[in-house]
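Please examine the sequence and the model shown here before reading on.

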Amino acid sequence: MQLIPRRSPRRGAPCPRPAVPLGPDRSVTRRGALLLLPTAVLALGSGSVGEALSGGIGTAARRAFDTAGLLARSVVPAASARVDTPSRAALSRAVLGVLGGRSPVIGVSVLDRRTGAWWHYRGDALARTGSVSKVFIVAAALRKARASDSTLTTARREQARMAITRSDNASADALYAWIGGHPAIADLAAQLGLAATARARPADHWGLTLTTPNDLVRFMERLHAGNPVTHPDDDAALLDLMARVIDGQRWGVGTVRTATVDIHVKNGWMRVDDPWVINSVGDARGAGRDYAMALMQRAQPDQDSGIARASRIGRAVFAALETPLR
């Protein structure tokens, strides 16, 4: 596993080279769509003089407005921490029961696709991703290749496979360098309406990327429901990789996988100086459930207890969602 000093990362294993063993509702919030409108307005000034004289608004502006419009038409309810229904109260009791009460260092976000209801506990709290950011890296790599009317080379497809299914750090390093590092992640997040991730402080290593549980759930919904930013074939390819994560890395959201419950998952575990970050993102479908979920834990005393708690939270959410969230 890996240790990541906040400023000068050291090697470890199985995560970042600087360190980290981390490891139907057409969803996209109106808020995410509105975030694109300033971009569209700014883009108005980016067209050529000829375009301006001819009444054109420029390619960048048209693309931004088109994207904003498409996102606005595929909306998921805003995340809510309200506990005003029996099902929300039951989910809150289940999660807080695992935490032993309220915690300032753990965030959980859950979207029940059966009803469109969204619940979270500290879902907007920023935390470092660890290897969870590998889903962003692979999505950005697929998008870059697609922009060139191409697909990933055989070598890069293998790097994507290794980065997701085995959380291989060297593969993530190579893809991260190829996409251009943090700016590519921030751009993808901005285009997808992941506002907290897009505006978070830039990271000098992918394992130190900042995001929130709510943004991770939004990301899963973009992949699941489709969006105007990434290609559906690429979304399906990434989800397929998340369904094939090796057994030893299927804890957290993935701990509920059975012969009748399918899961997609990517986990992250990393030691920084606070010290451990233990995260999990994915979804589950089967046994009457269909939901997306993310949990982020910082300041965990050790890797094993953080992973064990992540799995207890995953099981508690699954059990509570026997009754649809409303």
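The model is predicted: local features need pLDDT of at least 70, side-chain atom pairs count only at pLDDT 80 or more, and totals for chains, interfaces and linings use all residues. Residues are numbered from 1 along each chain as its sequence is written, and side-chain values use heavy atoms, with hydrogens and water left out.

**The sheet**

Helices (H or I, at least four residues) and strands (E, at least two) are DSSP runs, numbered from the N terminus. Five strands form an open sheet in the order E2-E1-E7-E6-E5, with antiparallel pairing; two strands pair if DSSP finds at least two bridges between them. Strand E2 (117-121) and strand E5 (261-271) are at the edges with a single partner strand each, so one side of each has no neighbour in the sheet. From one strand to the next, the twist averages 5°. Within the sheet, strand E6 (residues 276-286) and strand E7 (residues 289-300) run antiparallel and are joined by ten bridges. Val 281 stands opposite Ala 294 in E7.

**The helix pair**

Two packed helices are described by the angle between their axes and the distance between the axes. Here axes are lines fitted to C-alpha atoms, for helices over the stretch in contact, and angles run from 0 to 180 degrees between N-to-C directions. The axes of helix H10 (residues 213-225) and helix H11 (residues 232-242) come within 8 Å and cross at roughly 115°. On the H10 side, the contact (heavy atoms within 4.5 Å) is made by Phe 219, Met 220, Arg 222, Leu 223 and His 224, and on the H11 side by Asp 235, Leu 238, Leu 239 and Met 242. H10 also lies across strand E1 (106-112), E2, E5, E6 and E7, running at about 145° to E7.

**Salt bridges**

A salt bridge is a side-chain nitrogen of Lys or Arg within 4 Å of a carboxyl oxygen of Asp or Glu. The whole structure contains twelve salt bridges. The table lists examples.

| Salt bridge | N to O distance |
|---|---|
| Arg 114 and Asp 112 | 2.7 Å |
| Arg 113 and Asp 290 | 3.3 Å |
| Arg 218 and Asp 215 | 2.8 Å |

Are these residues buried or exposed? Buried means under 20% relative accessible area, exposed over 50%, and partly exposed in between (1.4 Å probe, protein chains only). Arg 114 is partly exposed at 31% relative accessibility, whereas Asp 112 is buried at 0%. Arg 113 is buried at 5%, and Asp 290 is buried at 8%. Arg 113 lies in the loop between E1 and E2 and Asp 290 in strand E7, so this pair ties together parts that are 177 residues apart in sequence. Arg 218 and Asp 215 lie three residues apart in helix H10, about one turn of the helix, and both are buried. Salt bridges with shared partners also join Arg 113, Glu 221, Asp 283, Arg 285 and Asp 290 into one network.

**Positive phi angles**

Arg 122 is not a glycine, although its phi is positive, at about 55°. Arg 122 is in the loop between E2 and strand E3 (127-128) and is partly exposed, at 28% relative accessibility. Asp 149, also a residue other than glycine, has a positive phi near 55°. Asp 149 is placed in the loop between helix H5 (134-147) and helix H6 (154-165) and is exposed, with a relative accessible area of 76%.
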